[in-house]
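Let's take a friendly walk through a structure and look at how its parts meet. Keep the picture open beside you as you read.

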2 protein chains.
Amino acid sequence: MTEVNKRTQIKNAAAKLFRKKGYRATSMQDIADALGIKAASLYNHIKSKQEILTELLMNIALAFTAGMDDIRNSSLDENSQLEELVNLHVNLTFKYKDSIALITGEWVHLDPEILPQYLEKRNNYEEAFMAILESCQKKKLISESTNLDIALFSILSSLHWLYNWHNKNPDLGKIELAAQLKKILLHGLISPKK
Amino acid sequence: MTEVNKRTQIKNAAAKLFRKKGYRATSMQDIADALGIKAASLYNHIKSKQEILTELLMNIALAFTAGMDDIRNSSLDENSQLEELVNLHVNLTFKYKDSIALITGEWVHLDPEILPQYLEKRNNYEEAFMAILESCQKKKLISESTNLDIALFSILSSLHWLYNWHNKNPDLGKIELAAQLKKILLHGLISPKK
DNA sequence: GCTCAAAACTAATGATTATTAGTTTATTTT
DNA sequence: AAAATAAACTAATAATCATTAGTTTTGAGC
């Protein structure tokens, strides 16, 4: 019944392996074994190992920029935009469980020809994120003394790393996870002094 | 004047390369080139490529557990202990600029014989961190509704990722960086409503 | 300048690996 | 069922790489 493209199966298996062992440590053998075929047979469906990595990463990059565009084109206030960004990360983490893990380290193995395209998308995303933080600071939602570079880095670290946590605690739902993250990331761990 | 052991030079060069290209993508050639010698000559100083990775990672693990022990054996209150943990990460990030980057991803390439030892140290560290968070919650410094698993994951994500940020902004000093992180991580990004 | 050890070099080995070529088997279309 | 296409297989290639063996160079202490 499950009409899953072989090409997609290959990409899914590869994503899982790239995540666990890393791109370089994953052989075409490994991927083929996961599908019960011989390594050479993979080439009936894909062009190269590099193509798999490229498509996995570019797909993720597209999903993030599309989500960011939606948020920026919305009429939400700054505070809600920040919350929607957290939602975006949580949603994509659930949706692309395996391949999202590649954005923290495996992107370095992209072909030198592709790498700049990937990094450009990444930069655009971070700049858009920063723009929202700046709006917040202008509206005094964020204190003037806060270094926004550090704030951005800190939030993105947690959100990039989410997939790791999600794998260890698959029981906690999307909504609860997003709510907790908003509380901790945006409003702080330590209860404000009364 | 600088009497640096060749062995140390090798480990330093390797750390830089492992960080940039990953363990598997870094060849002994690469390391040798960085030192202006031939690959085979490395073996006059080290046992294997794996030995380099092991020593780099175990060194970091030791530094973290030692720092954690100091904090737990201190008589600081819970709040200050949390702040000292941030200091610990910032200090080690400055001290082990390159090799600290390996803790986010390259530890998976540790020999299967060594890996459990590494993971045990890592677990111990995280459990000690969690114990401090639990004390904070018991003392109402952290709200009862906060999920401490998520809080721990979130803080550690930012602190693990620090080396990345530090490399892009080497101009900001330790003290300023630590102060900002304490503010953002512990007391939140969004100013509390008055 | 000789001795000895440390540390460099050259050359080879064996293993792994991504990819290609050529062939056979399965499946779909006609 | 014949033909055509898709997808599997076997076998080979060429490159890379960690590591070893054996040899030469370097440099400090005598």
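Predicted model: local features only at pLDDT ≥ 70, side-chain atom pairs only at ≥ 80, totals over all residues.

## Where chain A meets chain B

Start with the two protein chains. On one side, 41 residues of chain A are in contact with 40 residues of chain B. The size of an interface is often given as the accessible area lost when the parts come together. For chain A and chain B this buried area is about 3,700 Å², and carbon and sulfur atoms give 64% of that area.

How many salt bridges are there between chain A and chain B? The count is zero. Polar contacts do occur between the chains, with 10 residue pairs counted at pLDDT 80 or more for both partners. Now look for the helices on the chain A side: α1 (6-21), α4 (78-95), α7 (148-168) and α8 (174-187) each supply at least two residues to the side that touches chain B. Of these, α7(A) gives the most, with 11 residues. Sorted by residue type, the side of chain A that touches chain B has 21 nonpolar, 14 polar and six charged residues.

## Two domains within chain A

Chain A is divided into domain 1, covering 1-46, and domain 2, covering 48-187. The C-alpha centres of these two domains of chain A lie 27 Å apart. Where the domains meet, 16 residues of domain 1 are in contact with 17 residues of domain 2.

The area buried between the two domains of chain A is about 1,600 Å², and carbon and sulfur atoms give 60% of it.

## What holds the eye at the domain interface

Between domain 1 and domain 2 of chain A, there are five salt bridges. You can find a salt bridge between the side chains of Lys11(A) and Glu55(A), at 2.9 Å from N to O.

On the domain 1 side, α1 and α2 (28-35) of chain A each supply at least two residues that touch domain 2. The largest share, eight residues, comes from α1(A). This side of domain 1 divides into nine nonpolar, two polar and five charged residues.

## Meeting the DNA

Finally, turn to DNA strand C, which 14 residues surround. The closest come from both protein chains: Tyr43(A) from chain A, and Lys6(B), Lys38(B), Asn44(B) and His45(B) from chain B. The residues of the surface near DNA strand C divide into five nonpolar, six polar and three charged.

Asn44(B), in turn, has a polar side-chain atom 2.5 Å from a base nitrogen of DNA strand C.

Note on methods
Residues numbered from 1 in each chain as written. Chains lettered and ligands numbered in written order. Heavy atoms only, no water. Contact = heavy atoms within 4.5 Å. Buried area = accessible area lost by both parts, 1.4 Å probe. Salt bridge = Lys/Arg side-chain N within 4 Å of Asp/Glu carboxyl O. Polar contact = N/O pair within 3.5 Å; in protein donor to acceptor, adjacent residues only side chain to side chain. Helix = DSSP H or I, 4+ residues; strand = E, 2+ residues; numbered from the N terminus. Nonpolar A, V, L, I, M, F, W, Y, C, P; charged D, E, K, R; others polar. Domains from an automatic or database assignment. Near = heavy atom within 4 Å.
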